[in-house]
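Let's walk through a few local features together, one question at a time. Have the model open beside you as we go.

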Amino acid sequence: MHANYNDYLNLKRMKQFIATFCLSLMGVFSIFSQDATVKGKVVDANSSEAILGAEIRILNSVFNSETDNEGLFSITNNNLPQGEQVLIVNKADYVLQRIPITIQNGKTVDLGLILLQLDLSEVEAQIGVISLSDNELNDDEGTSYNVSGLLQASNDTFLDAASFDFSATFFRPRGLDSEYGKVLINGIEMNKQFNGRPQWSNWGGLNDAQRNREFSMGLKANDYTFGDLAGTTNMIMRASQYRKGGRVSYALANRSYTGRVMGSYNSGFTQNGWAYSVLASRRFAEEGYQDGTLYDANSFFASVEKKLNDAHSLNLTAFYTPNRRGRSTAITQEARDLKGIKYNPNWGYQDGEKRNSRERNIEEPVIMLNHFWTINEKTRLNTNIGYQFGKIGDSRIDNGGNRNPFGNYYQRMPSYFLRFPSPTAYDYQLAYLAEQEFINDGQIDWNNLYQANLNSSTGYSSYVLQEDRVDDTQLTLNTILSTEVNENITLNGTLNYRNLKSDNFATITDLLGGTGYQDFDRFFEGDDDTNFNQSDAQNPDRIVQEGDIYKYHYELNANVLSGFAQAQFKYSDIDFYLGANVTNTSYQRTGIFQNGYFQEGNRSLGDSEKLSFTNFGVKGGLTYKVTGRHLIDLNGGYFTKAPTLRNSFANARQNNDVIDNLTEEKVQSADLSYIYRSPIVKARATAYYAGFQDATEINFFFTQDTRSGANSDAFVQEILQGIEKRNMGVEMGIEAQVTPTFLVKAAASVGQNLYTNNPTVYLAGDDFDYDPDGVQDYFVEGNDLSVKGKREVFLENYHVAGGPERACQIGFEYRDPDFWWVGATTNYFSNAYVDISSLRRSEDFTLDSDGQPFANYDPEVARQMLQQEQLDDYFLVNIVGGKSWKIKDYYVGFFATINNVLNQEYKTGGFEDSRRSKYDLQLAEQQSSGGPIFGNRYFFGNGTTYYVNLYVRF
């Protein structure tokens, strides 16, 4: 019995032990299965107002959040990293905070109020960079290809250097034209469908409203669009996203403009759920850095947002930035030697005032309506409507076949009188007189043009001022979905539709004292009974007045429908993404004038063939976190692109002819980066590759080498097809915060941008549509395909022009606790090349008028002639700085920069002239005693320039 009783007691104790153990174990599991929470409220340290949209993340983890309208955030999960961690609190315009915390499952870390201090020096520096880029991007032709405007939202040492210090040199990161970058505003693409490039002037002068930017380099994951090789920038111009307060500023400069005044105010969200933002500015200059370049620009911006409820918000944004500016152009070395780098042939004095004949006038207002729907905590839907309309006008003198009125016309230059191998004394005398005339004047004689019109034998103007107009109307609709499947996976999707109707015509803006202008082609050499020379054969022999449309008139229509899908995966050791898109693009030209050279059928009148392209793209990438400080980043993609409107029609101003066998461009890219991040040092080194196939390009110019015989002069369209290119190189950036106030930095890019094949070429133009001498040695299709066919152009291993291929920088920044800062950089540039003439490198180069090689053809001389000119390397030193003061509730300060402190003279780019493209004429150019008549033309960089911005914030 005792044994049984003892067994009973032992069994009871065992049950109690097991129960206690199980309860304890359940308690332990309960603790470990409980969520940990990190929460708090982020407010402005000065105003105590809640900060919306601050980024909250646990360092070296995938866990993050954003503050809501009340400034509140919460990160809750049972997989939060345990123990001592660092919480990052980051918001544009504020000083980043790193807060030490200790995380334990089952407990809440309540940080209460987190006060963020306004980083005023950073705000003004950013606005300054935007201002400077705006200044550069609205400068001469050539800068329209620059991608620096894309880079201003980057937090990367190399890209910061590229957007500020490198941009003035035509430097293109990775050798990429701006058509390979995407610019979005509130999720709506702003690139022009005509040429694929952003029209920077459409939002120029809105600097204060452009600071909220999201940038992704290359094809990296992007929430809005598939992207492109040069990256994607989305400007968030939404009323609720601006920090409450106002700013008034005044800038002085000696660049594109000499003065700018700007004022802006942002309300922040009011208690009844409204927010608004307004801005107005004016930029002006009687003359910019280049002679005769006036600048007259106004900018207006307004945005209003209504928070309907916790799930829905509506935002209306509108901006209007009318601007008019005088343009300069590339000049020859001869002109530079006589007149200096500021010489601009486009202007002349009229009644004691400088008048520029080539002005650009842009007025294209934009209106956007954006709907933001927070479907739930994980899913957001953004739907947008954008509407843009207005005009772009480019003025120029129409000389109607009379003598060119420009001061640098080749027959007015000294080299023209010394074009012979052995000039006479009389030739030297004429050259000297021409040199003195050019030095002392060298500009357009407006009074002479008026006098020529008054004395015209026809009774009508011989010279008029015309404006080439593009009046675009574009509608964009898109919807952008983002959903978090779980804490590791996010899905993005976009549907986008764009419709463009583009009205293109020439109009007379000034008859220059005349009574009318005869609307026909004065270069015509045949029987005028055929109406060949008429701009509009439906209305022959018109006399047009100021404001009338003449010369050409047509419409371009484009429709683009695209879809994009992307999946992003984020884990503790690796992040990766996959994306794909599909696009359908259609184009059609509608002729309103019936051009006399192209009268048959619908050759120029009515609708053209409808073009349609279906394209696709795939991309992917990963970031492997070796440790919290060392990362490996890999990205790659393949996609096809429809040709732009510009490169689809042989000459849209005259006819409906489509490029022969037009096809899509194919693009592949890959880049591999090593990234290092520590509290002191931040660095990135990247190797990149981009390949392009089946690209099409059209060039427009006058040449003397279109055919055999005497009638070889023509204005032509040079159509290059099957172009292959390769861009590859390395880029790096590193900065070290040596002390809390002193930072050193360096950046470098070493690239090589080459043509990798020999594409084909053919010529088109109105001179190819009739036979002036009745001998069947000419062309009747509007091109030379039937007689010559497509010829090979020997471009392989020539460099693709586009600024220096190599650039490097070293510099420092000092930020004093008393709110002043200064920085300086030394920048070195090399391996820049002039853009080559394709026609010189075609099979036509070696052939005489009989179709046989020139009798005196020397391959070695030809090889030297066809070498691509490499521009000289150069150093530029830039200094930047600023200071701010807080006076009661106001911040007062200035931002200033001096570029090219040492006043170095340098060439940023240039191009060969294709007027004389055959061997015999090039040989004559080289043997000319006075130097080449049609030498290379160059763009020169500015000398020492300054920019000073004074501001008051409240």
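Here, buried means under 20% relative accessible area, exposed over 50%, and partly exposed in between (1.4 Å probe, protein chains only). Helices (H or I, at least four residues) and strands (E, at least two) are DSSP runs, numbered from the N terminus. This is a predicted model, where local features need pLDDT of at least 70, side-chain atom pairs count only at pLDDT 80 or more, and totals for chains, interfaces and linings use all residues. Residues are numbered from 1 along each chain as its sequence is written, and side-chain values use heavy atoms, leaving out hydrogens and water.

Q: Which residues of helix α7 are buried?
A: Helix α7 spans residues 446-454.

Q: Which residue caps the N-terminal end of α7?
A: Look for a side-chain oxygen 3.3 Å from the backbone nitrogen of N447. The cap that supplies this oxygen is D445.

Q: Which residue in β45 stands opposite I331?
A: Two strands pair if DSSP finds at least two bridges between them. Strands β18 (331-332) and β45 (937-940) run antiparallel, joined by 2 bridges. G910 stands opposite Y938, and I331 also stands opposite Y938.

Conventions: A polar contact is a pair of N or O atoms within 3.5 Å; within protein, one must be able to donate a hydrogen and the other to accept it, and residues adjacent in sequence count only if both atoms are side-chain atoms.
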